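Visitor: I have just started learning to read protein structures. Could you walk me through this one?
Guide: Gladly! Let's look at it together.

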Amino acid sequence: VLFFNDTATTEIYTLSYTPLFRSKRQRSLRVLSLVALVLFGTPLLVAQSQKGDSIGKQLFPPQFLMEHSDLIGLTEDQRQALHRAVEGAHARISAKSEAVRAETKILADLLAAPRVDQAKALKQLGRLSAAESEVKELHFGLLIELRNLLTAEQLGAAHRTRKEQADRTSPERGQARQRGLQ
């Protein structure tokens with residue numbers, strides 16, 4: 001029995017195990033599409049998690065904190081700590097992102113062969129997944145570090161600011177609020 005914790009995992013499973021493509025070229029293109037989904041779908045999953053996931057709702061991207069630093073009530077020391085944390089993470093993430101690009105290229109080269117060595121491709125996919133996981137861990141660690149810079153009052157202000165921002169950008173919520181439905 002397989003358990004899926006999100007829609008993207010279900011879609012990846014479906015793409016991976018549905019025999020939609022018969023030719024070797026089509027299979028290679030399908031695997032490349034799957035790799036692209038994993039690589040480029042991550043930001044979408046993070047955005048999705050912030051909307052409906054209890055984990056994403058507890059974390060704040062650095063750009064959000066800086067844009068709303070006055071509303072949140074960040075001190076100058078906190079702003080400097082935020083900048084240091086982002087700069088430090090940027091260097092680490094850049095290095096790991098380069099590793100992801102290198103592992104992706106190796107996998108793409110393996111898949112470009114007339115006959116794909118499945119064992120090598122799967123082993124390389126494991127390396128690529130490990131590199132991606134390291135990047136995600138660095139991103140997540142940064143978000144936790146930034147959250148820990150905030151006081152309880154500042155966290156409350158950040159949550160309120162994000163909710164107000166979401167209300168302004170969602171026409172349905174704004175219209176419902178004007179009619180007194182929310």
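**Reading helices and salt bridges**

Visitor: How far apart should the ends of helix H5 be, at 1.5 Å a residue?
Guide: This is a predicted model, and helix H5 covers residues 76-112. At 1.5 Å a residue, its 37 residues should span 54 Å, and the end C-alpha atoms are 52 Å apart, which agrees.

Visitor: Which residues of H5 are buried?
Guide: Among them are Arg 79, Ala 85, Ala 89, Ile 93 and Leu 107. An α-helix has 3.6 residues a turn, so residues three or four places apart point the same way.

Visitor: Now, how many salt bridges does the structure hold?
Guide: First the idea: side chains of opposite charge can pair when their charged atoms come close. Here there are six salt bridges. In one of them, Glu 134 pairs with Lys 96, at 2.7 Å from N to O. Glu 134 belongs to helix H6 and Lys 96 to helix H5, so this pair ties together parts that are 38 residues apart in sequence.

Visitor: And where do Lys 163 and Asp 167 lie?
Guide: Both are in helix H7, four residues apart, about one turn of the helix. Lys 163 counts as exposed because its relative accessibility is 52%, while Asp 167, at 7%, counts as buried.

How values were computed: Residues are numbered from 1 along each chain as its sequence is written. This is a predicted model: local features need pLDDT of at least 70, side-chain atom pairs count only at pLDDT 80 or more; totals for chains, interfaces and linings use all residues. Side-chain values use heavy atoms; hydrogens and water are left out. Helices (H or I, at least four residues) and strands (E, at least two) are DSSP runs, numbered from the N terminus. The expected span of a helix is 1.5 Å times one less than its number of residues. Buried means under 20% relative accessible area, exposed over 50%, partly exposed in between (1.4 Å probe, protein chains only). A salt bridge is a side-chain nitrogen of Lys or Arg within 4 Å of a carboxyl oxygen of Asp or Glu.
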